[in-house]
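Subject: A structure for you to explore

Hi there,

Here is the structure I promised to pass on to you. Please open it next to this email and find each spot as you read.

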Amino acid sequence: MTAATPNLPPSTEVTILRELLASESGCVSGNHLAKLLGISRVAVWMQLQKLTKQGFAFEAQKSRGYKLTGTPPHLHHALIQAHLSGRNRLVNLVTLDKVDSTNTEANRHLAAGARTPLVILAREQTQGRGRRGRTWHSPAAGNLYGTFVFRPQIEPSRLQDFTLWMGLNICELVANFCKIEPMLKWPNDLLLGGRKAGGMLTEARVDSDVVHDLVFGLGLNLNGHAADLPRELHRRATSLAEASGAPVEVNRFAAALVTRVLFAYNRFFENDYRRRFDELWPRFDALRGHPVSVTQGDRVITGTAEGIDPEGSLIVRTAAGNRERFRAGEVTLSKESASST
């Protein structure tokens, strides 16, 4: 399934779903929907039948109308739109069953002149990419892969802590949505109980010292099981569902994710995020106080993580007492520390 949201009135499907989701009683009369849409009650019934074939379930209650009783377990474009509110409804949204990479798909849309903010969401990637060009394992088992594209027109130096800021927002979203406490492993991994549940990747296109395209990619393990991953990842990966003990409602989470990322970006763009950054970092920092190793090429530095500086660099105090700062590098927690994080 592929769909995009131009700046047009909502589709019939989206309108029906919004009315059902917004109803305080849970029921919406067929007559109300028919008048709202300017169609017959028979046409409303036919739309509900169409949605039923897509994985929705409805209950018809006498004298009360229709009630939404079940939703698809996979990404559904209209349902995500129905969950969005306010200005977030204007986002240029694309949803896909399968794609090579959401970042690559975003590049294709940009080349075709797509408007921003642009959001690409997919349930499976065949060529997912992580940091340093690594392959990101991207099965379709209830996971979510997304790319958010902006055209900020800002100086590159402004982006020093962008990925960390977005990561903190993702952590707070997960904490509120799933009632669990994730941690952010500098610079871009989301951990649950010391096991990886997600990762982020930011790419920027700079011309004449101005960031024209800012691409933020994200992969989250929502309802997958570690046992479905390659054997070497069984003890290193987890999902939000495994950590919380309850399945994640994919489309409601996807809409909440879009809302939070757009909100976080706007605060970053307006340079109104630093105080909140400083409040969230101590809560979600996975490394502070733990023994770590930082690898940069052939150089490996060991010590204790002491947080980050105002530019987002990782601070490590070595055994010799020196404080070293790292703008980039591969960070590894000691086994003892990782098991308690």
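Predicted model: local features only at pLDDT ≥ 70, side-chain atom pairs only at ≥ 80, totals over all residues.

The strands form an open sheet in the order β15-β14-β13-β12-β16, and the pairing is antiparallel. Strands β15 (323–326) and β16 (330–333) are at the edges with a single partner strand each, so one side of each has no neighbour in the sheet. On average, neighbouring strands here are turned by 45° against each other, if direction is ignored.

Inside this sheet, β13 (residues 299–308) pairs with β14 (residues 314–317) over 3 bridges, in the antiparallel sense.

**Strand β11 and its partners**

Is β11 mostly buried or exposed? Of its 11 residues, 9 are buried, so the strand is largely enclosed by the rest of the structure. Strand β7 (residues 144–150) is joined to β11 by 7 bridges, and the two run antiparallel. One place to look is G146, which stands opposite L218 in β11. Strand β10 also runs antiparallel to β11, and 10 bridges join them. In that pair, V206 has V211 of β11 as its bridge partner.

S208 counts as exposed because its relative accessibility is 64%, and the cut-off for exposed is over 50%.

N271 is another residue other than glycine with a positive phi, near 60°. You will find N271 in the loop between α8 and α9 (274–284). With 52% relative accessibility, N271 counts as exposed.

While you are there, look at helix α8 (residues 250–269). How far apart are its end C-alpha atoms? They are 28 Å apart, which agrees with the 28 Å that its 20 residues should span at 1.5 Å a residue. The expected span uses one less than the number of residues, which is why the sum works out.

Two cis peptide bonds are worth a visit as well. One runs from T116 to P117, with omega near 0°, and P117 is in the loop between α5 (102–111) and β6 (118–122). Another joins W186 and P187, with omega about 5°. The loop that holds P187 lies between β8 (183–185) and β9 (189–192).

**Salt bridges**

The count of salt bridges comes to 18. Among them is the one between the side chains of D189 and K196, at 3.2 Å from N to O. D189 is buried, with a relative accessible area of 13%, whereas K196 is partly exposed at 26%.

R299 forms a salt bridge with E324, and their closest N and O atoms are 2.8 Å apart. This pair links distant parts of the chain, as R299 is in strand β13 and E324 in strand β15, 25 residues apart. The side chains of E306 and R323 also meet in a salt bridge, at 3.0 Å from N to O. E306 lies in strand β13 and R323 in strand β15, so the pair ties together parts that are 17 residues apart in sequence.

There is a network of salt bridges too, linking E172, R260, R276 and E279.

**A patch on the surface**

Last stop: V42, W45 and M46 make a nonpolar surface patch of about 340 Å². W45 is found in helix α3 (residues 41–53) and is partly exposed, with a relative accessible area of 44%.

Enjoy looking around!

Best wishes

Conventions
Residues numbered from 1 in each chain as written. Heavy atoms only, no water. Patch = residues over 30% accessible without salt bridge, like charges linked within 9 Å, V, L, I, M, F, W, Y side chains within 5 Å. Areas by Shrake-Rupley, 256 points an atom, 1.4 Å probe, with all protein chains shown as cover. Salt bridge = Lys/Arg side-chain N within 4 Å of Asp/Glu carboxyl O. Helix = DSSP H or I, 4+ residues; strand = E, 2+ residues; numbered from the N terminus. Buried < 20%, exposed > 50% of the residue type's maximum accessible area, 1.4 Å probe, protein only. Pairing = 2+ DSSP bridges. Axes fitted to C-alpha atoms, helices over the stretch in contact; angles between N-to-C directions.
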